[in-house]
Amino acid sequence: MSKEILLGDEAIGLGAIHAGISGVYGYPGTPSTEIFEFIERKTKKNGDVHAFWSTNEKVAYEEALGMSWAGKRVLVCMKHVGLNVAADAFMNSAVTGTNGGLVLAVADDPGMHSSQNEQDSRYFAQFALIPCFEPKNQQEGYDMMLEAFELSEALEIPVMVRLITRIAHSRSSVDTVEALPQNPLNPSKEIKRWTLLPNNARVQYKHLTEKQPELLKRSENSVHNELELRGTRGVISCGLVENYLRENLDEDHDLSILSIRQYPIPAEKVRTLVEHVDELLILEDGYPLVENTVRGLFGLIGTEVKGRMTGELPRTGELNPDLVRGALGLPKIEAAHSPSTNLALRPPSLCKGCPHTDSFKALNDALNTFEDPQVFSDIGCYTLAALPPLEAVHSCVAMGASIGMAAGAAHAGYSPAVAAIGDSTFSHGGITPMLSAVQQNVNLNVLILDNDTVGMTGTQRSMSTGRALDDIVHGTGIDPEHVRIILPLPKHHDQNVKIMREELAHDGPSVIIARRACIESIKGH
Amino acid sequence: MQKNIILAGVGGQGILSVAYVFDNAALDAGFYFKQAEVHGMAQRGGAVQSNLRYSDAKIHSDLIPEGRCDMVLAVEPLEVMRYWHYLKPDGWVVTSITPFVNIPDYPEIDTLLTDLAAFPNIVMVDTGHLARAAGNLRSQNMVTVGATSNLLDFTEEQLLKHVEGLFARKGEKIVAVNRKAFLYGRAAGAFFRALVDSGLDAFKAAKLCSKIKPETLAVEYAAAWVERLRNNGALLDTILESGSNVSAEGP
């Protein structure tokens, strides 16, 4: 047993290593990235855990399912919106079930620190009919990984561990245990279970539903779902929000508290609490899942249910000790008197010397003959070009959406339809809409910002950069004359503007690859 | 005992390195600790902070509640301003006075410093001046660690051990620079407080410290400076306008 300082993400990673995983899969995305990176770093020397970033979350999930099929334990990790990409494989893996233990660690981002939405992955667990753990601290995150793998193998079901940014990116010390050995290779030969033809799928889906009472029983008996009955004011807290509650309470408080950290929701414990109290405050980060479930359509007779839906807490955003304090009706704590200095905001920006800056300066000039041109963009550092001073891009929706949206806009008659996308985002979600656009001969211009890395999440390896990227682009069947490569540097500005203008004038699909390595990645290596 | 500290700065200034030193010192000292930080988009030159808590008893929340923060430690002066509502009325501010200007509406620096200087429990150090003297402008974060060190529950050795550990893989030269930055920060923080405690206005004390040769800093010279400046109203301006730094022993 030893003690280590770990980020929540790292505690999840170490828990998975000690649970005996043979592989980790994922695609970088804040706040989940450090789970994979930690495992990659920790196991590099021995080389006994497969750790190689996947092209996207769906691929990652499928690779993980294959490793599970082969009988080995496997972790797959991603951010909440990544699970949307992986959803097809994810939902159906609940139906096939697993062989070797399969745990999905998914990191939600309440408050949208670094995301386009704050969707709550607990709904995905509920949707897929699988169990979900929600640790309240780093130690519990570590411990839950060992439990999650056991549960996955015991019931042949994928298990979700749901993190949120606050635990993913918070450090504390963690006590660790001896690592378990890895499973031997033991491929599943239950062909019908893995072949979800309708006849087989109906059987499998029924199996999945039959597992539900056992999952509920485990939730009811879980040490992570603690019920403490005191006075007639009740609180249900989910995951780490219990910490915000305890922060505001003395030892001799008179609240009755149910802390939920394992799902499905332990209904019997909730019922016991509800029968004991007159009013019930529900504290959860993300969506009001438990709150809406407990209240139902018609509310509870004799118990007032309060939470995000009734104004005690804001409907959106991350919770914190102060919001919980307010919801408990406690007075504000006095703070230091603040001076009146006008507080200028300091938003993030592209790094000094970033190649994207030169690419977008050229694009802005190339487009200046059009009236108010709109550029569809994607998800990466280059999305920061939406902010002043560049203000060069005008959308950011989903990985790869720049190209699909530009194509749709072009179909509708919008011109010039310009998409800006990074090299890694292109491999993640840009290839298929690009192929579609070329095959349909859509009049659009795709600017691929090839900086040789996944920049925003900390310079991970990109799958389609340099020659590989060029080959993929050509492989769509695009006219090679309209694939242009430029070097985004201030001294090439005029030439780059000229090339962009030529391609904007072309009626048909064109690709401009702006190729220069990320300066952060150069610094790092 | 519980200490709640907000580490503040701009993405790229090395807030997480500051946190590393305190986390490890807290673990060594046998304290419970939690430290929440910012990754991702804001790290690209945006405002970043880290909530650091250590205690001899169990800590619940990763986030520091409003009004419960004992100290704001800022590697950049404007960044202090974002966190007043977390600070206890008798809390401390330890801040760099070296601005990091990457936004168009950055306030006028002396106005900002005057506002900060009005807060009684403050330590102001010119991290740019001290880090440059230590050998690398990037070591400003370790200057602030040093400036804070007199107010925390760790010995100089406990902190220095992890300053060295943090930079060990970058080679001896970088270790030496950061060690020096820490020690200059520690001396400058103490000297600043000695000036203020001897009756000098905090703004003037900060300005004076930014012109003193860091290797000469020692608290026993502080009272004489307060006397000197009281007797000669033009002395501070003369020193500030001169191109060279002065010894702490006297001009």
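Q: What do the buried residues of helix 16 of chain A pack against?
A: This is a predicted model. In it, the buried residues of helix 16 of chain A pack against strand 15 (375–376), strand 16 (417–422), helix 17 (423–439) and strand 17 (444–450) of chain A.

Q: Which residues of helix 16 of chain A are buried?
A: Start with the general idea. An α-helix has 3.6 residues a turn, so residues three or four places apart point the same way. Now the case here. Helix 16 covers residues 401–411 of chain A. Its buried residues are A:Ala401, A:Ser402, A:Ile403, A:Ala406, A:Ala407, A:Ala409 and A:Ala410.

Q: What follows helix 16 of chain A?
A: A:Gly413 follows helix 16, and the phi of A:Gly413 is positive, near 105°. A cis peptide bond joins A:Ser415 and A:Pro416, with omega about 0°. A:Pro416 sits in the loop between helix 16 and strand 16 of chain A.

Q: Where is A:Pro389, in the loop between which elements?
A: A:Pro389 is in the loop between strand 15 and helix 16 of chain A. A cis peptide bond links A:Pro388 to A:Pro389, and omega there is about 5°.

Q: Which residue has a positive phi although it is not a glycine?
A: A:Glu156 is one of them, with phi about 50°. A:Glu156 belongs to the loop between helix 6 and strand 7 (159–164) of chain A. Its relative accessibility is 32%, so A:Glu156 counts as partly exposed. A:Asp372 also has a positive phi of about 50° and is not a glycine. Look for A:Asp372 in the loop between helix 15 and strand 15 of chain A. A:Asp372 counts as exposed because its relative accessibility is 57%.

Q: At what angle do helix 4 and helix 9 of chain A cross?
A: Two packed helices are described by the angle between their axes and the distance between the axes. Here, the axes of helix 4 (residues 80–96) and helix 9 (residues 198–210) of chain A cross at roughly 85° and come within 7 Å. That angle makes helix 4 of chain A roughly perpendicular to helix 9 of chain A. Helix 4 brings A:Ala94, A:Val95 and A:Thr96 to the contact. Helix 9 brings A:Ala201, A:Gln204, A:Tyr205 and A:Leu208. By class, the contact of these two helices has five nonpolar, two polar and no charged residues.

Q: How are helix 3 and helix 8 of chain B placed?
A: Read angle and distance again. The axes of helix 3 (residues 109–117) and helix 8 (residues 202–209) of chain B cross at roughly 120° and come within 8 Å. Helix 3 and helix 8 of chain B are therefore oblique to each other. From helix 3, B:Asp110, B:Leu113, B:Thr114 and B:Ala117 meet B:Ala202, B:Phe203 and B:Lys207 of helix 8. The contact of these helices has four nonpolar, one polar and two charged residues.

Q: Is B:Lys207 buried or exposed?
A: The cut-off for buried is under 20% relative accessible area. B:Lys207 has 19% relative accessibility, so B:Lys207 counts as buried. Leaving out residues up to four places away in sequence, B:Lys207 touches B:Asp110 and B:Leu240.

Q: Where is A:Lys332 found?
A: A:Lys332 lies in the loop between helix 14 (321–327) and helix 15 (355–366) of chain A. A:Lys332 counts as exposed because its relative accessibility is 71%. Not counting residues up to four places away in sequence, A:Lys332 touches A:Arg325 and B:Glu66.

Q: How many residues does the largest nonpolar core have?
A: In soluble globular proteins, nonpolar side chains tend to be buried together. The largest nonpolar core here has 96 residues. Those with the most contacts inside this core are A:Leu75, A:Met160, A:Ile236 and A:Val290. Helix 6 (residues 138–155) of chain A gives the largest share of the core, eight residues. Domain 1 (2–185 + 197–210) and domain 2 (226–327) of chain A both give residues to this core, so the core lies between them.

Q: Which residues does a second, separate core include?
A: The second core has 89 residues, including A:Ala336, B:Ala188, B:Leu195 and B:Leu208.

Terms used
Residues numbered from 1 in each chain as written. Chains lettered and ligands numbered in written order. Predicted model: local features only at pLDDT ≥ 70, side-chain atom pairs only at ≥ 80, totals over all residues. Heavy atoms only, no water. Axes fitted to C-alpha atoms, helices over the stretch in contact; angles between N-to-C directions. Helix = DSSP H or I, 4+ residues; strand = E, 2+ residues; numbered from the N terminus. Parallel < 35°, antiparallel > 145°, perpendicular 65-115°, else oblique. Contact = heavy atoms within 4.5 Å. Nonpolar A, V, L, I, M, F, W, Y, C, P; charged D, E, K, R; others polar. Core = buried A, V, L, I, M, F, W, Y, C linked by side-chain atoms within 4.5 Å. Buried < 20%, exposed > 50% of the residue type's maximum accessible area, 1.4 Å probe, protein only. Domains from an automatic or database assignment.
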